[in-house]
Amino acid sequence: MNFRLGEFHAFSGGGRRFLYTVPSAGIFELDDTSAAVLARLSQGEATQEELLAAADAETIGELYQARIIATTEAFVDPPQPLPDNFPLQTMVMNLTNQCNLSCQYCYEFGEDKVATPEGKPKFMDFETASASVDYLFTQSAGRHGVHITFFGGETLMNFPLLKKVVDYAKQKAADQGRAIDFSLTTNATLLTPAIIEYLSANEIGVTVSMDGDKASHDKFRVFANGKGSYDIIEPRVRELIKEHKTRPIVARVTMTSQAMDVLGTYRHLKNDLGFHEIGFAPVTTSPNRLYSIDNRGLDSVLDQFGVLASEYLDHALRGEHHGFSNVSDTLAELHQGVNKSHPCGAALGLVGVGPSGDIAPCHRFVDSDTHTLGHVSTGIDKAKQNDFLSRGHIQVKTDCRTCFARPLCAGGCHHEAYVRYGDTGHPNLHYCDWIRGWTNICLEIYGAIAAQNPDFLRHFSDRKAAA
Ligand code: SF4
Ligand code: SF4
């Protein structure tokens, strides 16, 4: 029986050498003995006796167990069956499909929209909302805590319903001795002191969609008359950050070809406005849109992400918080050894519910006839759910089979895949280099923290990584 190299990605951090072991999504520090084994196998296959000339049997056994080295007999991972009944944890409730802004790039209203809202209710009513909450509690049996994220359209256009849902869901959780947690995403245009006070008093997490300073933000985040929304939201955001005392406030930035100043945007949102965390995501679009980011643009974004990641590391080594959530989300997944069968929780532990009560795999598919999985009053059609999950499973994505980033990426967002390739199960091959580059940066940051301030990694033990 001969040995060969297994599947891993080598990286270094803090002056130490590490391997990311792809089949198990583990991180392994390389010592000189293990390095000698890998150096021997990098020259070609070797017998056990030949390896024993380079290292002791225990080291060879450890490397084999971690699948860093393998035998030349083909090892095929057994197929992973879909879970029969995956308990729900998060419901994204689209309280309305109406919005008071007209952002051109919006996946819900823009040129690449998948929603077909014609003939459906524009605002959710309490009957549908309470049935949605009932559905969440029934389908999450066995879990102590559940989460509701309020979404739109513009969420606050249906604020009266939000309050009723919070009361109803809290009572339900209390009756069942369970925990409930709420958050919402908003464009911030309708925030008032009374709403902010309510959100703070009820410990509701808030994410504000905001694209940077006035020049960047007003490129796309405009009212129907074309006027930018920055001047309206800036004082409201300041008030929110000052007065919401119970949860940290998060900004979510959509990057476009015309707004790629990651560093300037981060500094404005963090230092000038005072957001606790800022997360960036490239616009989801077909490639021929003017605001789509091309490969050169993605390289620039990756360089700037690298600068912020280095700052993050400096903070982490001092034990301080840094607000770049793209790093902390990935570090959390690395620390928890996340090894995904699917890119995210869509149609597994998470569903989106539209104003009509239709259930979608996530908020981005809400109101789309093509992607409806069922209704809160009748439940999910298992055949449709299985079809969605089977097509999105990493094991059927042949393009991803040799990619070291697959435990975290698993092919990328189902919605983006649909917009780009017309198939929710298609891997997002247009940004593989970017994903691998970013994963490598995060691995190096992780390695450096593990080597120089390992206590900091405790932050990530319980932290839930972003969906
Ligand atoms: S989509 Fe690309 S980066 Fe993601 S797992 Fe597949 S090959 Fe890797
Ligand atoms: S990654 Fe994409 S498919 Fe998954 S929850 Fe987010 S938007 Fe939906």
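Helix α15 makes the greatest contribution to the shell around ligand 1, supplying three residues. The model in which this shell is described is a predicted one. In total, 15 residues surround ligand 1, and the closest are Cys400, Cys403, Cys409, Pro427 and Cys432. Two helices, α13 (406–409) and α15 (432–452), each provide at least two residues of the shell. By class, the shell around ligand 1 comprises eight nonpolar, three polar and four charged residues.

Attention now turns to the sheet. Strands β2, β3 and β4 form an open sheet in the order β2-β3-β4, with antiparallel pairing. Because β2 (8–13) and β4 (26–29) each have a single partner strand, they stand at the edges, and one side of each is left without a neighbour in the sheet. From one strand to the next, the twist averages 30 degrees. Strand β3 (residues 16–21) is joined to β4 by four bridges, and these two strands run antiparallel. Within this pairing, Leu19 has Phe28 of β4 as its bridge partner. Helix α15 packs on the sheet, where it touches β2, β3 and β4, and its direction makes about 55 degrees with that of β2.

The crossing of α6 and α8 is right-handed. Helix α6 contributes Pro193, Ile196, Glu197 and Ser200 to the contact, while α8 contributes Glu239, Leu240 and Glu243. These residues of the α6 and α8 contact divide into three nonpolar, one polar and three charged.

How values were computed:
Residues numbered from 1 in each chain as written. Chains lettered and ligands numbered in written order. Predicted model: local features only at pLDDT ≥ 70, side-chain atom pairs only at ≥ 80, totals over all residues. Near = placed C-beta within 6 Å. Nonpolar A, V, L, I, M, F, W, Y, C, P; charged D, E, K, R; others polar. Left-handed = near helix turned anticlockwise from the far one by under 90°. Contact = placed C-beta atoms within 7 Å. Pairing = 2+ DSSP bridges. Axes fitted to C-alpha atoms, helices over the stretch in contact; angles between N-to-C directions.
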